[in-house]
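These notebook entries record what I looked up in one structure. I began with its domains and then turned to one helix.

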Amino acid sequence: MTRHLITSAIPYINGIKHLGNLVGSQLPADLYARYLRGRGQEVLFLCATDEHGTPAELAAAKAGKPVEEYCAEMYETQARIAEGFGLSFDHFGRSSSPQNRKLTQHFAGALADQGLIEEVSQRQIYSPTDGRFLPDRYVEGTCPNCGFEDARGDQCDNCTKQLDPEDLINPRSTISGATDLEMRETKHLFLRQSKLKDELDEWITTKTDWPVLTTSIAKKWLHDGDGLQDRGITRDLSWGVPVKRGDQDWPGMEGKVFYVWFDAPIEYIACAQEWVDAGKGSDWESWWRTDKGADDVRYTQFMGKDNVPFHTLSFPATIKGSGEPWKLVDYIKSFNYLTYDGGQFSTSRGRGVFMDQALEILPADYWRWWLLSHAPETSDAEFTWENFQASVNKDLADVLGNFISRITKFCRSKFGEAVPEAGEYGEAEKALIADITARVARYEALMDAMEVRKSAAELRGIWAAGNEYLQAQAPWTTFKTDPDKAAAQVRLALNLIPLYAVLSAPFIPTAAASMLDAMKVADMPWPDDVPAALGKLAPGHAFEVPEVLFAKITDESREEWAERFAGKRD
Ligand SMILES: Nc1ncnc2c1ncn2[C@@H]1O[C@H](COP(=O)(O)OP(=O)(O)OP(=O)(O)O)[C@@H](O)[C@H]1O
Ligand SMILES: [Zn+2]
């Protein structure tokens, strides 16, 4: 049987992630992992923090901490919040792990052995005051084109002209403000992606089942302008994986580190090693090496659109270029952007709702449901408080919550807290069972295809079918004239609850567990046979009326939150 390796784009370490990051990577990956596990498949679901690079150094400096300490703390914070959201990683690793350091150096060595690494001399801005080379974005000055005084080294935000740092008039370091900047010669390693262009192009061309968003971005990078460019994979920084050629020193590369985008995807592999080293698994190579049994692995990656070039081209270039039998990705599910109330979510500008804040105001399932049912798949999607309130109240409270509360309370009042025995199923019951059976098949097909929004819509339809049945059959009315028939109606409706729980668990795991608890069902397998699954609760099976599963969001709360999250997070 196929084994499923699933990775989410690894969240960067410079702060707590916002809801856009969550819905663009970790959350849909979790949905898929939970669904496959629910269907009895073997899954290895990995994620990690992406820790290297300048923004991490700068965030640590701002927090007044050494970068290692800052990253270790932020890792713990992100891990705790991920758990709060029910993200069911088999392991949550760190790109700064010793496993990743070794593996990154190994890949660089293998690529060099294959003739795919070139040493290039460059002139770059050096700041003696800061004691370091400055990346383009950390140099600011006056725009030579429009005179704007705060133009960045890569672009002027005022007139949008693309710039090189040496174009700036009166350049200064954004770290220290120092103006005694000078150009210095420095040597870097480049990955010769251009040599792999045709091979990558042919490979992408075979991926006709991938989302167009994924393949179109890859094709653009392959063909626009002069085509796929060689890529610098080293930086003059202190925080990162030291440049080595395998376990050997690399002459001329002393004091340099690998570029964060070189080591970050390698962490997908190293994370499986970390999983084993943490005592959670026994064999990582069978997931990652085709010479060690990974041929039966289907590997799926999840990410937002800005990460697509690195996963369709750069990381495959590393894998293919190494000449070693590593597993390549089989499917890349990519997402457009979630926007916040008329603008962008932004970590650096503190704009939007962040994962820790979201959990402070409502349980994870509310967020999971809204985010997944509005996932930015075919286009960007916008979070507004009005839409959030309306969707959650309608889908979770009015449709699902209300169905469960109505039927369990009615049963308790007329038959007691046990599944009633009398009566036979008639035409309406058979029709409902047939309808649910057809819907579940559609739901499975959509989940298999990772159609997130459409899956949510189908699931909502499955919930609504139960409500419509109750509405049409009205057991509370039937009871007055034909209590046995009402008993049969109640029996079927109660049996929908464990079915709903298992189908809904990938979206709303906590509520699904409460539903099973209330129905006193310890183990509910996936309903491969829906009519049989709807007989799970035998007559006489005891249950409890559950607590309110989903409270409605009031207008007052909505207004309060809209105001609280309108500004900038400090
Ligand atoms: N607004 C968004 N909507 C959907 N996905 C997003 C959004 N912003 C980022 N992502 C995705 O979130 C994942 C994690 O991103 P990462 O931690 O690197 O933050 P980022 O892309 O730097 O975002 P930001 O600049 O807002 O901090 C990536 O797959 C990225 O593509
Ligand atoms: Zn300008």
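Before looking at distances I noted that domain bounds come from an automatic or database domain assignment.

Entry on the model. I recorded that this is a predicted model. The protein chain averages a pLDDT of 96, and 100% of the residues score at least 70. For the complex, the predictor gives an ipTM of 0.95 and a pTM of 0.94.

Entry on the domains. I found the protein chain divided into domain 1 (3–114 + 210–228 + 259–335), domain 2 (117–191) and domain 3 (385–533). I read a separation of 30 Å between the centres of domain 1 and domain 2, taken over C-alpha atoms. Their contact takes five residues from domain 1 and four residues from domain 2. On the side of domain 1 that touches domain 2, helix α4 (residues 98–113) gives the largest share, three residues. I sorted the residues of that side into four nonpolar, one polar and no charged.

Entry on helix α13. I checked the length of α13 (residues 427–448): at 1.5 Å a residue its 22 residues should span 32 Å, and the end C-alpha atoms are 32 Å apart, which agrees. Which residues of α13 are buried? I listed Glu429, Leu432, Ile436, Val440, Tyr443 and Met447. They lie on the same side of α13, because they cover an arc of only 75° around the axis. An α-helix has 3.6 residues a turn, so residues three or four places apart point the same way. On the other side of α13, I noted Glu427, Lys430, Ala431, Ala434, Ala438 and Ala441 as exposed. The cover over the buried residues of α13 includes α1 (19–38), α14 (452–473), α16 (483–504) and α18 (530–533). After α13 comes Met450, whose phi is positive, near 55°.

Technical notes
Residues numbered from 1 in each chain as written. Chains lettered and ligands numbered in written order. Predicted model: local features only at pLDDT ≥ 70, side-chain atom pairs only at ≥ 80, totals over all residues. pLDDT = per-residue confidence, 0-100. Helix = DSSP H or I, 4+ residues; strand = E, 2+ residues; numbered from the N terminus. Expected span 1.5 Å × (residues − 1). Buried ≥ 20, exposed ≤ 12 C-beta atoms within 10 Å, placed from the backbone. Arc of directions from axis to C-beta. Contact = placed C-beta atoms within 7 Å. Nonpolar A, V, L, I, M, F, W, Y, C, P; charged D, E, K, R; others polar.
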